[in-house]
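This briefing sets out selected features of one protein chain, grouped by topic. Please read it alongside the sequence and the coordinates shown here.

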Amino acid sequence: MLEIETEGKISSIISSISKLFPDTTELLFRGQSDYRFQLSPSIFRQGINYDNISHNEAEMYFEFIRRYPEYSTNHKSIFEWLTLMQHYGLPTRLLDWTNNLLVALYFGCEKDFDKDSAIYIFDPHTLYKENSFSTLILETQVISRSIDEFYKKIIFKLGDEIKSDLKINGYSLSKINTDPFILMKFVHPSQAANMPFTSFEVKQDIGPTLDMSTDKIIDYCYSDVLMHSET
C-alpha cells in the first residue's frame, strides 16, 4: 500500500491523486476520520478491543435469509445477501466504497476533528480476474458455523471442486487426506479450535524454472490466494 501525505485542501488532494492515477473516472474511494483506523470490516470489529462485542456471522446470515425470504428473488449469491445485510446495518465482511471523492471526503471529516483523516483509493482494475478460489473460500467462511465446519467444507468439498492441490495453513490437501493425525487437527472440533485459519495457497504449474537458491529445476509453486482471514 502506497501512503501519501497531503494538505487537507480539496485541490491538494485531487492533485496528489491525479499524479498517481491520471484517469480517476473508475477509482473507488473510502474516507475514514482517523488515519490510524485499518480497513477492517465491521464483522471483525469484535473482541476485547471492541468492548467485548461478539457477532456470529453464519447465524446472522442464515437468520437474515429466514426473516426476509421475499428478497430471495433478487438475491441469489452469498455476496448479494451480504450487500443487503450491509445496507440494513448488520456487521458484515464488506466495506463501503464510493466512486465519488467528495462523499469519501465527507466521511473522512464528519467526526474526530482533532485527528488526521485518511482517504483510501482502490483501483478495481488491479483485482485478480480469476478470483474463483478466493470467492469460494470467502463464501465458505460466511456460512460455516464453526472453524472445524469451515475446514471440513474445504477438505471434503472444495478440494474436489477446485481440482488442484491446495495448502491450508501450510499443509497440503494431499498430506491432510493421507495423514490421519494431521486431518484430526482440522476436523476435530477441539483441535480445530486451536488452529485459526491463516493461509490458503493454490498449486500452480510454472514450467521448468531454475530455483536460484538451490540450482534445481522446479515445475510448480504454491501461490497465496487469501491471507489472514478469520472464521
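Among contacts in the protein chain between residues at least 6 apart in sequence, 60% join residues at least 24 apart. The model is predicted. The chain comprises nine helices and six strands, and 33% of its 231 residues count as buried.

**Strands S1 and S2**

- Strand S1 spans residues 28-32, and four of its five residues are buried, so the strand is largely enclosed by the rest of the structure.
- The partner of S1 is strand S2 (residues 118-122), and the two pair in the antiparallel sense over five bridges.
- Within this pairing, Gly 31 stands opposite Ile 119 of S2.

**Helix H1**

- Helix H1 covers residues 10-20, and its residues Ser 12, Ile 13, Ser 16 and Ile 17 are buried.
- Viewed down the axis of H1, the buried residues fall within an arc of 130°, so they line one face of the helix.
- Ser 11 and Lys 19 are exposed, and they are carried on the face of H1 turned away from its buried side.
- The buried residues of H1 pack against S1, helix H4 (101-109) and S2.

**Helix H4**

- In H4, the buried residues are Leu 101, Ala 104, Leu 105 and Gly 108.
- These buried residues fall within an arc of 100° when seen down the axis of H4, so they line one face of the helix.
- Leu 102 and Tyr 106 are exposed on the other side of H4.
- The packing partners of the buried residues of H4 are H1, S1 and S2.

**Packing of helices H2 and H3**

- Two packed helices are described by the angle between their axes and the distance between the axes.
- Helix H2 (residues 57-67) packs with helix H3 (residues 78-87) at an angle of about 85°, and their axes are 11 Å apart.
- H2 and H3 are therefore roughly perpendicular to each other.
- H2 contributes Met 60, Tyr 61, Phe 64 and Ile 65 to the contact, while H3 contributes Ile 78, Trp 81, Leu 82, Leu 84 and Met 85.
- Sorted by class, the contact of H2 with H3 has nine nonpolar residues, no polar residues and no charged residues.

- Asp 51 is placed in the loop between S1 and H2, and it has a positive phi of about 55° although it is not a glycine.
- The relative accessible area of Asp 51 is 72%, over the 50% cut-off, so this residue is exposed.
- Asn 52 also has its place in the loop between S1 and H2, and its phi is near 60°, a positive value in a residue other than glycine.
- Asn 52 counts as exposed, at 58% relative accessibility.

- Ser 42 lies in the loop between S1 and H2.
- With a relative accessible area of 19%, Ser 42 falls under the 20% cut-off, so this residue is buried.
- Leaving aside its neighbours within four places in sequence, Ser 42 is in contact with His 55, Gln 86, Leu 90, Pro 91 and Thr 92.
- His 55 has its place in the loop between S1 and H2, and this residue is partly exposed, with a relative accessible area of 28%.
- Apart from its neighbours within four places in sequence, His 55 is in contact with Ser 42, Ile 43, Gln 46, Met 60 and Pro 91.
- One of these partners, Met 60, belongs to H2 and takes part in the contact with H3.
- The C-alpha atoms of His 55 and Arg 45 are separated by 9.0 Å, and the two residues are ten residues apart along the chain.

**Gln 141 in helix H5**

- Gln 141 has its place in helix H5 (residues 132-143), and at 1% relative accessibility it counts as buried.
- The C-alpha atoms of Gln 141 and Glu 57 are separated by 8.7 Å, although these residues are 84 residues apart along the chain.

Terms used
Residues numbered from 1 in each chain as written. Predicted model: local features only at pLDDT ≥ 70, side-chain atom pairs only at ≥ 80, totals over all residues. Heavy atoms only, no water. Buried < 20%, exposed > 50% of the residue type's maximum accessible area, 1.4 Å probe, protein only. Pairing = 2+ DSSP bridges. Arc of directions from axis to C-beta. Contact = heavy atoms within 4.5 Å. Axes fitted to C-alpha atoms, helices over the stretch in contact; angles between N-to-C directions. Parallel < 35°, antiparallel > 145°, perpendicular 65-115°, else oblique. Nonpolar A, V, L, I, M, F, W, Y, C, P; charged D, E, K, R; others polar.
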